[in-house]
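Please look over the sequence and the structure below before reading on. The briefing then covers a pocket, a set of aromatic rings and a nonpolar core.

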Amino acid sequence: LLQLVVGYSDQFMMKKYENAVNGITNANVINNMIINAFTVFSSAAIILITQYKGAKDETHERSVYSVAFYFNFIVSLFFSLIILGLGRFFLKWLQVPELSYNDALLYLMITGGLLFFQTMSTTLSSLLKANSCMKESMVINLIVNLINILGNYFLIKVCAKIDLPILGVAISSAGSRIIGFILMLIIYIKKVGIPLSVKVFKSEMGQTGIKLLKLGAPSGGESVSYNSSQIIIQLCANQIVKYNGNNIGMGNIKTYASMFAMVTYMFTSAISQAMQVIIGELLGAGRTVDTNKKVKQTALISLCASTTIAILFFILSNYAFKIFDVYDPELL
């Protein structure tokens with residue numbers, strides 16, 4: 001929930017600047033593709049660590065920490081550089097409306113260029129979760145949210161004076177994520193304490209890295225597939241805006257609907273993450289019967305939770321959109 005809030009608080013606090021909201025949306029379509037892919041690879045680390053824990057294999061367990069951390073660091077830094085170099089090309093391909101293009105580019109350059117701090121924070125969060133430190137991750141995300149919201153509140157006003165409120169939001173968002181990474185690293189050192197060794201990374205990257213890729217690549221493909229569909233939907237939304245006299249409000253409807261969709265499967269995602277830890281240890285200990293039972297329980301709970309929330313949003317959709325000051329009957 002807290003990661004969802006930090007991702008969308010920028011749009012919510014900028015709701016009176018329609019062009020800026022649309023710019024943030026288009027920039028975040030690109031950012032989210034990368035963030036979600038790394039979330040999946042971080043989940044692969046959770047699976048490996050918990051399986052080694054269940055099997056009492058401390059040597060291999062310790063190697064996962066260094067490999068996951070430095071592998072994600074190198075790849076995420078590479079993607080941040082790609083965004084800085086090719087951001088304009090991506091936004092042009094997305095056919096971002098002319099009215100919001102400059103806002104989208106400015107936001108993408110700042111948040112996308114520093115995106116590796118977010119992906120590394122996600123990686124450290126996964127390493128903490130693999131050691132059942134769920135509360136610590138939650139508290140850090142709460143702090144990051146508060147910093148981001150307070151930063152937005154002050155910087156939007158400051159930057160609005162130079163007619164660039166989007167600049168304040170971008171700085172606040174990127175800054176809060178940097179602080180989040182630093183806090184995650186401090187808590188990791190205190191709570192887990194396993195050294196993140198470059199030497200271990202170099203020696204174990206072959207064996208452990210292949211295992212992480214085998215676990216993460218199929219799920220990563222699933223994530224890329226879903227996010228690719230979101231990019232195409234955003235492209236269609238931008239074309240609708242274009243062919244309706246640049247009515248940015250039409251593009252923003254997609255933004256708000258995406259928020260509601262994320263809330264719908266948020267609980268399912270949370271249950272799944274918790275089960276990864278439990279199931280990993282059960283499999284590591286060879287308890288396949290208990291594993292099958294837990295999988296079925298998780299599937300049933302997740303299905304009930306997401307279906308119930310989806311029905312509620314369907315019934316209350318008009319009221320939900322009005323949270324974002326959408327009162328136009330045509331847009332509703």
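The notes below are grouped by topic. This is a predicted model, in which local features need pLDDT of at least 70, side-chain atom pairs count only at pLDDT 80 or more, and totals for chains, interfaces and linings use all residues. Residues are numbered from 1 along each chain as its sequence is written, and side-chain values use heavy atoms, with hydrogens and water left out.

**Second largest pocket**

- The second largest pocket has a volume of about 350 Å³.
- Its lining has 16 residues, and the closest to the pocket centre are Ile30, Met33, Ile34, Phe79 and Val224.
- A pocket here is an open set of points on a 1 Å grid over the protein atoms alone, where a 1.4 Å probe fits, with protein on both sides within 12 Å along at least five of seven lines; lining residues have an atom within 4 Å of a point.
- Grid points are joined across faces, edges and corners, and the volume is the space filled by probe spheres set on the points.
- Helices H2 (18-54), H3 (58-93) and H8 (198-242) each supply at least two residues of the lining; a helix is a DSSP run (H or I, at least four residues), numbered from the N terminus.
- By class, the lining holds 15 nonpolar residues, 1 polar residue and no charged residues. Nonpolar means Ala, Val, Leu, Ile, Met, Phe, Trp, Tyr, Cys and Pro, charged means Asp, Glu, Lys and Arg, and the others, Gly among them, are polar.

**Aromatic rings**

- Rings of Phe, Tyr and Trp (its six-membered ring) pair if their centres lie within 6.5 Å, and planes under 30 degrees apart count as stacked, over 60 as edge-to-face and the rest as tilted. The count comes to 11 aromatic pairs.
- Phe260 and Phe313 are stacked, because their ring centres are 5.1 Å apart and their planes are at 25 degrees.
- Phe260 lies in helix H9 (residues 248-284) and Phe313 in helix H10 (residues 288-322), so this pair ties together parts 53 residues apart in sequence.
- Phe260 is buried at 12% relative accessibility, whereas Phe313 is partly exposed at 24%. Buried means under 20% relative accessible area, exposed over 50%, and partly exposed in between (1.4 Å probe, protein chains only).
- Phe260 and Phe321 have ring centres 5.2 Å apart and planes at 75 degrees, so that pair is edge-to-face.

**Largest nonpolar core**

- Of the 40 residues in this core, Met14, Leu91, Tyr107, Tyr256 and Val326 touch the most other members.
- H2 gives the largest share of the core, 10 residues.
- A nonpolar core is a set of buried Ala, Val, Leu, Ile, Met, Phe, Trp, Tyr and Cys residues joined through side-chain atoms within 4.5 Å.
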